[in-house]
Amino acid sequence: GGGGERHRYVSLEYLLAKLGGKHVYTNVVGFVLIKERYFAADDQILLDPLDRTRILPRDYGLPRKLACDVRDKDVNTLSADQVVSLCEQVIGDHDALNALDWDALKSHPLIDPVLTEQCRRELLRPYADPRRPYEMMPKRHAFYLLLGENEATFRVGTALPVVVKLVHKAGARCSLGDHGLMGTITSDELSDQPVHRVDDVVQRQQVMDARIINVLFDSYSVELTARSSKVRPIDNEWEREHVRQLGTKEQYLEEHLAFKDAASARRLYGIKRTHHARHHDDSSDGSSGLDSDDERRNRRLAKQRAARRRRERDMDVRDDDDDDDDDDDDD
């Protein structure tokens, strides 16, 4: 202050103006922090507590008025040092600050609601980090995020086609296609019949129906079964429970429908009647009305061979085009 009078509380603006002028204050006020311990003990200087908040100095009038309201004081009857002292007492006093009617203050026509909210946050916790504490994503959440699926569409009991990539003594390793996952089928889960040699049951590049029996979130893989008694839709413990929860088979089909219509889903799952064909046979010749596993597998293999031939033809055409381009360049 002037006239040689020393104020008990000193503002950051005042100190920086003394050190280098107003322009220094304007340039550094956003990142500089001066603490009492930087001064000599005999200076008896206390800094304005509002300088330790995000509130701008031009807006100090509102938090000072709020500090006086918290202590039931009239700001007009107190000295500047007394008002600043009240601010020091009020900052961090959650019980006193939460007792104020902040909604009424924000709706006041003469008070900026954004500034009011900023004052509330800074008086409660100066310079608090508004971000939530960093937490590692749960492995289960990360698994489904990377997979692009959810627990309703990819879970224990989900049936899906797989491609055998590796055959070994203990079973087979399979690719789950677009999912980018690998699955394991142990030898005892390859067939309902005893398996003496794995390569007698499956071969590399064979496409087969399987069902998920365990999801390994840590290793980003799954355990599968190819046993007919477990792969058949509806007729297994997982799908019976799921259908029971949904109420009807139609809801089951709609929930798992990743196709254009329910008929596509029925063809995929092999469902033609309300009950599974193995337990409900109304055909006149005693047949189940469903194609055998061998017939379905043969059709899939035929489609794969046709697709492979188309790809080979496309590659030949591209090679011929490249040769023509090379000839043109030589000319």
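The questions and answers below walk through parts of this predicted model.

User: What is the mean pLDDT of the protein chain?
Analyst: This is a predicted model, and pLDDT gives the predictor's confidence in each residue, from 0 to 100. In this chain 71% of the residues reach 70 or more, while pLDDT stays under 50 over residues 257-262 and also over residues 271-291. For the protein chain, the mean pLDDT is 76.

User: How many contacts beyond four places in sequence does the model have for residues 271-291?
Analyst: Over residues 257-262, where pLDDT stays under 50, the model has 5 contacts beyond four places in sequence. Residues 271-291 are another stretch where pLDDT stays under 50, and for them the number of such contacts is 32.

User: What distance does helix α7 reach from its first C-alpha to its last?
Analyst: Helix α7 covers residues 113-124 and has 12 residues. At 1.5 Å a residue, a span of 16 Å is expected for α7, and the value in the model is close to that, namely 17 Å.

User: Which helices are included in what covers the buried residues of α7?
Analyst: The buried residues of α7 are Leu115, Thr116, Glu117, Cys119, Glu122, Leu123 and Leu124. From the side of α3, the buried residues, among them Leu62, Leu66 and Val70, pack against α4, α5, α6 and α7. What covers the buried residues of α7 includes α3, α4, α5 and α6.

User: Where does Tyr127 lie?
Analyst: Tyr127 is a residue other than glycine with a positive phi, near 55°. With a relative accessible area of 47%, Tyr127 is partly exposed. Its place is in the loop between α7 and α8.

User: Why can the buried residues of α8 be placed on the same side of the helix?
Analyst: The buried residues of α8 are Phe143, Tyr144 and Leu147. They lie on the same side of α8 because they cover an arc around the axis of only 90°.

User: Which strands do the buried residues of α8 pack against, and which exposed residues does the face turned away carry?
Analyst: The buried residues of α8 pack against β6 (207-216) and β7 (221-225). The face turned away from that buried side carries exposed residues, and these are Leu145 and Leu146.

User: Which side chain makes a polar contact with the side chain of Thr153?
Analyst: Thr153 has its place in the loop between α8 and β3, and with a relative accessible area of 31% it is partly exposed. The polar contact of its side chain, at 2.6 Å, is with the side chain of Glu149.

User: Which residue in β5 does Cys174 stand opposite?
Analyst: Strand β4 pairs with β3 in the antiparallel sense over 5 bridges, and in that pairing the bridge partner of Val164 is Cys174. Strand β4 is also joined to β5 by 5 bridges, and these two strands run antiparallel. In β5, the residue opposite Cys174 is Gly183.

User: How many residues lie between β4 and β5 in their hairpin?
Analyst: The hairpin formed by β3 and β4 has 2 residues between its strands. In the turn of the hairpin formed by β4 and β5, Gly177 has a positive phi of about 75°, and the number of residues between these strands is 6.

Notes: Residues numbered from 1 in each chain as written. Predicted model: local features only at pLDDT ≥ 70, side-chain atom pairs only at ≥ 80, totals over all residues. Heavy atoms only, no water. Helix = DSSP H or I, 4+ residues; strand = E, 2+ residues; numbered from the N terminus. Expected span 1.5 Å × (residues − 1). Buried < 20%, exposed > 50% of the residue type's maximum accessible area, 1.4 Å probe, protein only. Contact = heavy atoms within 4.5 Å. Pairing = 2+ DSSP bridges. Polar contact = N/O pair within 3.5 Å; in protein donor to acceptor, adjacent residues only side chain to side chain. Arc of directions from axis to C-beta.
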